[in-house]
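This briefing concerns the confidence, the helices and the salt bridges of one protein. Please keep the sequence and the model in view while reading.

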Amino acid sequence: MRLLRSTDLALRLLMRLAATPDPNPTTRDVAAAMDVPYTHAAKVVAELQHMGLLTARRGRGGGLALTEKGRTASVGRLVRAFEGEGDVVDCEGSATAAACPLSPACRLRGALRQAQEAFYASLDPLTITDLTTSPTGPLLLSISKRP
């Protein structure tokens, strides 16, 4: 299973905030350090803020801060939220693609759905804090694009 770019960015952004000694980096600072476009980082920050996983304050003394909910958030729940509830394959079709002719009798869709759920379930017990314990946290900070 391949994660969406926004899911990957959300996980790495939360990990970076959990590991950083910088009290309130800005979205622009984090985007530059992670070498991602500011606009993409801003969209992910807005979604994470809406989920209550981080706070974002503007102006002097502002910046990003990980909330306690963000530190203890289930990685599986977070991945589900960003990836959506859709199936791995689209069997139903769309306006531009026909439905799969095997759909009424296919066992592949169920098997893939089961595999997808097993993937999420394996991430459920992990938290952002778990992902940033040593050696990951210090390494995450050392590979920053900024000095």
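A residue is called buried under 20% relative accessible area, exposed over 50%, and partly exposed in between, with a 1.4 Å probe and protein chains only. By this definition D124 is partly exposed, its relative accessible area being 30%. The model is predicted, so local features need pLDDT of at least 70 and side-chain atom pairs count only at pLDDT 80 or more, whereas totals for chains, interfaces and linings use all residues. Residues are numbered from 1 along each chain as its sequence is written, and side-chain values use heavy atoms, with hydrogens and water left out.

**Confidence**

- The mean pLDDT (the predictor's confidence in each residue, from 0 to 100) of the protein is 86, and 94% of its residues reach 70 or more.
- Where pLDDT is low, the predicted coordinates should not be read in detail.

**Helix α1**

- Helices are DSSP runs of H or I with at least four residues, and strands are runs of E with at least two, numbered from the N terminus.
- Helix α1 (residues 5-19) has 15 residues and reaches 21 Å from its first C-alpha to its last, close to the expected 21 Å; the expected span is 1.5 Å times one less than the number of residues.
- The buried residues of α1 include T7, L9, A10, L11 and L13.
- D8 and R12 form a salt bridge at 3.2 Å, N to O.
- Both D8 and R12 lie in α1, four residues apart, about one turn of the helix.
- An α-helix has 3.6 residues a turn, so residues three or four places apart point the same way.
- D8 is partly exposed at 32% relative accessible area, and R12 is partly exposed at 30%.

**Salt bridges around R80**

- The structure holds three salt bridges, each defined as a side-chain nitrogen of Lys or Arg within 4 Å of a carboxyl oxygen of Asp or Glu.
- In the salt bridge of R80 with E117, the closest N and O atoms are 2.7 Å apart.
- Because E117 lies in helix α6 (residues 108-123) and R80 in helix α5 (residues 75-83), this pair ties together parts that are 37 residues apart in sequence.
- R80 also meets D124 in a salt bridge, at 2.6 Å from N to O.
- This second pair links distant parts of the chain, 44 residues apart, with D124 in the loop between α6 and α7 (128-131).
- R80 is buried at 16% relative accessibility, whereas E117 is partly exposed at 36%.
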